[in-house]
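I opened my notebook to jot down what I could look up in this structure. Here are my entries, in the order I made them.

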Amino acid sequence: MEPILKAERISKSFPGVQAVNDVSFDLRRGEIMALIGENGAGKSTLMQILGGGQRADTGQITLDGESLEFASANDALHAGIAMVFQELSLVGSLSIAENIYANRQPVGRLNNIHWRQLYQQTRDVLHRFNLDLDPATPVKRLVMGQQQILEILKAITSEPKVLILDEPTSSLTPAEADDLFKNVRALQAQGMTFIYITHKLSEVFELADRVMVMRDGKKIGVRDISEVNENDLVSMMVGREIGDIYGVLSSESPTGEEYFRIEGFTYRQTFQDISLELHRGEILGLAGLVGAGRTELARSIFGIAPKDEGRVEMEGKRIEIKRPQDAIKHGIAYLTEDRKAQGLFLDMGLSDNFIAPILKMFTGKTGFLNFDKVETHAVTQIHNYNIATPSTKQKVMNLSGGNQQKSMIAMWMGSQPKVVIFDEPTRGVDVGARFEIYQKLRELTSEGVGILLISSELPELIGLCDRILVMHQGRITGEVQQRDFTEELIMTYAAGVKN
Ligand SMILES: Nc1ncnc2c1ncn2[C@@H]1O[C@H](COP(=O)(O)OP(=O)(O)OP(=O)(O)O)[C@@H](O)[C@H]1O
Ligand SMILES: [Mg+2]
């Protein structure tokens, strides 16, 4: 059978980077093809070329036998290729309905929008994901997982021939991801074809018919799922074998004295009466389902979000945190889950990002920045964190997703914090980089830094933590010691079943 899509000899370079290097592949009608590879391998760039978001330097794309030349994502959509980007692109102030059906609203004879029909249609598609939301709700009120689902619904409802999904589950809960998979399979049964970018190999085996691997901009190979296992894929991706990544890292050393504590943290319905203490060199996990209040709690400790009550003590002394600057001054660092919105200065260069939280260290008596010092620091951090970038001046928005994540870590570690709050540190990060980030966490703890680790990945929490607190609906419902770690026990607390 004729392939639905043919890409021939596609290349694309950016200043200093050959992002896609002479890639050709066929897409079979009705298949789900996974696309995997390390951070910066060129996956998103290649797919953006198919989706009209980037122009190839050279190469040919044929869809259903017709040669294509896209000037924009809208052109691609018209031709029948829709793409859900790695980064969210919704308009926060507009409603759910307006976002999903942007430019496609049902209209009457006088070009008036049929609101009632629009809302009904929206409710119907929300139902596909068991979302019981009011279509008139402004999108900015939704949590990231819900916004991600809207992006997907927006793409699905345009009824494309080929739908490209770029790491769609990175901010979804397991239940939401299941709903997504059900929908993808149902659409596949109706004849839709998919390309699915992911860093989670389990998803490749659960969903895909074939898998394509990229490395350094090149296509390494395409395989039928039935003929490969995880190890094969990992060695294709990284060009070497990687062992058990948590095992190597679990620390045998006992943790030190208690030196940081919060007490009675409460904010309205979001979280109530949360107290916890952290020991030197400890990794304390914070588990829970999305909506349990973990991120809100972290934001409030750091002084970004409000609290009604709550005390903080560092090294035996009461400290006041009203703004993030107060937290930074006292040696607290917070690495957010949403690096785009809160973590990095995207249109600034890497070196400027690195010094943002620690400007004072780089100014002399006169108050002027010492540029040599800034440059040296940037070079060191790029090396330490193995960040793939052509220069210290590269704008952060031009780095691949995983390299942005590493940059955020490098930025905060430069401030030599005493307490670090990590919120989903490995979201969108490839296997190799994940390993590097875990090693960095271990390095920090061996220097006596305590870490509060928020993660939705239970194997990550179980593999790294000394102790895990579990939250459910704004309260701590359980504390689990390392010897008792099991996914089942943590899940029962997280679901609020056990008290
Ligand atoms: N707009 C841009 N300007 C400059 N360089 C870019 C731009 N977009 C991507 N790059 C570079 O091209 C390379 C490939 O990036 P791409 O985003 O395609 O990787 P990826 O495989 O999607 O990685 P990840 O898994 O981290 O999302 C990277 O080195 C990246 O820094
Ligand atoms: Mg990408």
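Predicted model: local features only at pLDDT ≥ 70, side-chain atom pairs only at ≥ 80, totals over all residues.

**Entry 1: the ligand**

Which backbone N or O atom lies 3.2 Å from an oxygen atom of ligand 1? I looked it up, and the atom belongs to Gly-401.

Next I checked the side chains. Thr-45 has a side-chain N or O atom 2.6 Å from an oxygen atom of ligand 1. For the side chain of His-199, I got 2.8 Å to an oxygen atom of the ligand. On its own, ligand 1 would expose 640 Å², and the protein buries 90% of that. I listed the surroundings too: 20 residues, with Asn-39, Gly-40, Lys-43, Thr-45 and His-199 as the closest.

**Entry 2: helix α1**

After α1 comes Gly-52, with a positive phi near 85 degrees.

**Entry 3: the cores**

I went looking for greasy side chains next. The largest nonpolar core has 71 residues, and Phe-260, Ile-332 and Phe-422 touch the most other members. Helix α14 (residues 401-413) gives the most to this core, six residues. There's also a second, separate core of 47 residues, including Leu-118, Val-139, Leu-163 and Met-237.

I then picked Ile-332 and wrote down what it touches, leaving out residues up to four places away in sequence: Phe-260, Phe-302, Met-314, Ile-319, Ile-321, Ala-327, Val-419 and Ile-421.

**Entry 4: a hairpin**

How do β11 and β12 pair? Strand β11 (residues 258-267) and strand β12 (residues 271-279) run antiparallel, with six bridges. I traced one bridge, and Phe-265 partners Ile-274 in β12. Three residues sit between the strands of this hairpin, and Arg-268 has a positive phi near 40 degrees there.

Most residues other than glycine have a negative phi. Arg-268 is not a glycine, yet its phi is positive, about 40 degrees. I checked its cover as well: Arg-268 is exposed, with a relative accessible area of 56%.

I also noted Gln-416, another non-glycine residue with a positive phi, about 45 degrees. Where is Gln-416? I found it in the loop between α14 and β17 (419-423). Gln-416 counts as exposed too, at 66% relative accessibility.

Note on methods: Residues numbered from 1 in each chain as written. Chains lettered and ligands numbered in written order. Heavy atoms only, no water. Core = buried A, V, L, I, M, F, W, Y, C linked by side-chain atoms within 4.5 Å. Buried < 20%, exposed > 50% of the residue type's maximum accessible area, 1.4 Å probe, protein only. Helix = DSSP H or I, 4+ residues; strand = E, 2+ residues; numbered from the N terminus. Contact = heavy atoms within 4.5 Å. Near = heavy atom within 4 Å. Polar contact = N/O pair within 3.5 Å; in protein donor to acceptor, adjacent residues only side chain to side chain. Areas by Shrake-Rupley, 256 points an atom, 1.4 Å probe, with all protein chains shown as cover. Pairing = 2+ DSSP bridges.
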